[in-house]
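Welcome, and thanks for looking at this one with us.

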Amino acid sequence: MKRKFIYHYTNVRWARGRNETYLCFVIKRRHGPDSLSFDFGHLRNRSGCHVELLFLRHLGALCPGLWGAGADGVRVGYAVTWFCSWSPCSDCAQHLARFLSQTPNLRLRIFVSRLYFCDQEDSREREGLRNLQRAGVQISVMTYKDYFYCWQTFVARKDRCFKAWNDLHQNSVRLSRTLHRILQMAAEGEYESVLCVKPDVGVYRIPPRASNRGVRAADWKLDAPDWTGRLRVTAKGKVAYIKLEDKISGELFAQAPVDQYPGIAVETVSDSSRYFVLRIQDDSGRSAFIGIGFGDRGDAFDFNVALQDHFKWVKQDNELSKQAQIPDLGPKLDLGFKEGQTITLNIGQSKKKDKTRPQSSGGFGLLPPPPSGRIAPPPSAAPSNHSVEPLTKVSGT
């Protein structure tokens with residue numbers, strides 16, 4: 001079990017023979033602002049079906065309220081995390097992006113151990129990763145702490161000792177720089193991704209601030225909003241936009257660009273978790289402050305988390321950019337002969353010892369973290385039959 005995990009998740013440059021993709025997932029289910037539950041599991045691709053698509057097949061059972069209300073009639077929000085041995089192929093990325101566009105109450109984050117066929121600048125797999133980013137998916141390369149989490153959660157719960165393989169950190173940095181360059185091209189193209197959609201929001205005029213104390217929603221006319229409509233949170237590059245639109249026509253009423261959160265563009269009120277103060281701006285740069293409010297605390301929670309997740313990604317992206325500018329100062333291995341050095345070869349005098357190679361164990365005893373997966377690994381072109389492991393599911397609150 002442990003050998004299986006290390007074999008398939010080792011982030012080596014040339015992963016020959018690793019023709020299976022494993023996907024460990026964590027599903028966080030929010031029933032309300034104060035109620036969370038979790039599901040964990042893992043999957044392996046089978047012949048004719050990639051592991052990402054297998055996960056979507058199981059999603060109806062794992063997320064029963066995804067396309068409507070849950071069993072108690074309350075709309076449920078889901079945050080899904082994948083830990084994948086390979087990044088998704090271009091076809092799976094297209095399926096995922098299309099699926100996410102139809103499920104605004106589901107957020108997906110993918111951690112990958114290796115990048116699948118992303119060596120060529122014009123590869124379809126690179127464009128597939130960009131499409132996922134445009135669909136709002138956060139994609140990252142696994143680091144030591146992610147491997148350690150998977151080890152404790154899916155592989156060896158009772159074994160707290162995870163020993164990193166050689167060059168784990170160096171390979172993770174190298175892959176992170178490659179992924180950063182791939183996704184940076186999408187950001188430079190000014191593509192807009194949707195982070196959150198809420199169908200009902202109210203807009204309020206707010207009185208001038210009399211002091212430096214926090215804003216109180218109780219001072220607004222909460223029973224008579226000045227405008228009602230739909231709220232969308234989108235992102236272009238590192239800037240998020242809060243857009244207030246007509247429910248039917250989609251006509252833009254106002255928008256607030258957000259370059260930092262928390263910050264002056266979005267402020268919480270002191271007496272409620274359902275109301276916020278926005279600084280809206282028009283095309284000429286003029287700004288004004290308005291109040292917005294949600295009828296459901298769950299919608300306010302989703303709005304807040306969408307902004308937090310986006311700016312967490314911005315922070316990580318900035319760190320990667322700084323890291324990419326630092327040259328690799330590690331010692332260079334010199335395998336050349338020094339002047340005057342010689343070697344002696346003894347041909348035909350070696351002693352052979354028969355060693356029995358240990359047999360690898362059968363299944364992959366993963367349990368449950370996040371997901372992402374891909375099929376046959378890059379360097380190997382030989383087709384192989386893939387079996388699917390039974391879905392391992394552990395629930396907790």
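Helix H2 (51–62), helix H3 (90–101) and strand S4 each supply at least two residues to the lining of the largest cavity. Helices here are DSSP runs of H or I with at least four residues, strands are E runs of at least two, and both are numbered from the N terminus. This is a predicted model, in which local features need pLDDT of at least 70 and side-chain atom pairs count only at pLDDT 80 or more, while totals for chains, interfaces and linings use all residues. Residues are numbered from 1 along each chain as its sequence is written, and side-chain values use heavy atoms, with hydrogens and water left out.

Lining the largest cavity you will find Phe55, Leu56, Leu59, Trp82, Leu96, Phe99, Leu100, Leu106 and Leu108. A search of the whole structure turns up one cavity of 30 Å³ or more. On a 1 Å grid over the protein atoms alone, a cavity is a set of points where a 1.4 Å probe fits but cannot get out; a pocket is an open set with protein on both sides within 12 Å along at least five of seven lines, and lining residues have an atom within 4 Å of a point. Points are joined across faces, edges and corners, and a volume is the space filled by probe spheres set on them.

Here are the two spaces together; Ala, Val, Leu, Ile, Met, Phe, Trp, Tyr, Cys and Pro count as nonpolar, Asp, Glu, Lys and Arg as charged, and the others, Gly among them, as polar.

| Space | Volume | Lining by class |
|---|---|---|
| Largest cavity | About 40 Å³ | nine nonpolar, no polar, no charged residues |
| Second largest pocket | About 650 Å³ | 12 nonpolar, eight polar, five charged residues |

Of the 25 residues lining the second largest pocket, Ser140, Val141, Thr143, Gln316 and Leu320 are the closest to its centre. Strand S4 (106–114), strand S5 (138–141), helix H5 (144–155), helix H6 (168–188) and helix H7 (297–324) each give at least two residues to this lining, and H6 gives the most, with eight.

Which residues of H1 meet H5? Lys2, Phe5, Ile6 and Tyr9 in H1 meet Tyr147, Cys150, Trp151 and Val155 in H5, a contact being heavy atoms within 4.5 Å. By class, the residues of this contact are seven nonpolar, no polar and one charged. Helix H1 (residues 2–9) packs against H5 at an angle of about 145°, with the axes 11 Å apart.

Finally, a word on confidence: pLDDT, the predictor's confidence in each residue from 0 to 100, averages 79 for the protein, and 76% of the residues score at least 70.

Conventions
Axes are lines fitted to C-alpha atoms, for helices over the stretch in contact, and angles run from 0 to 180 degrees between N-to-C directions.
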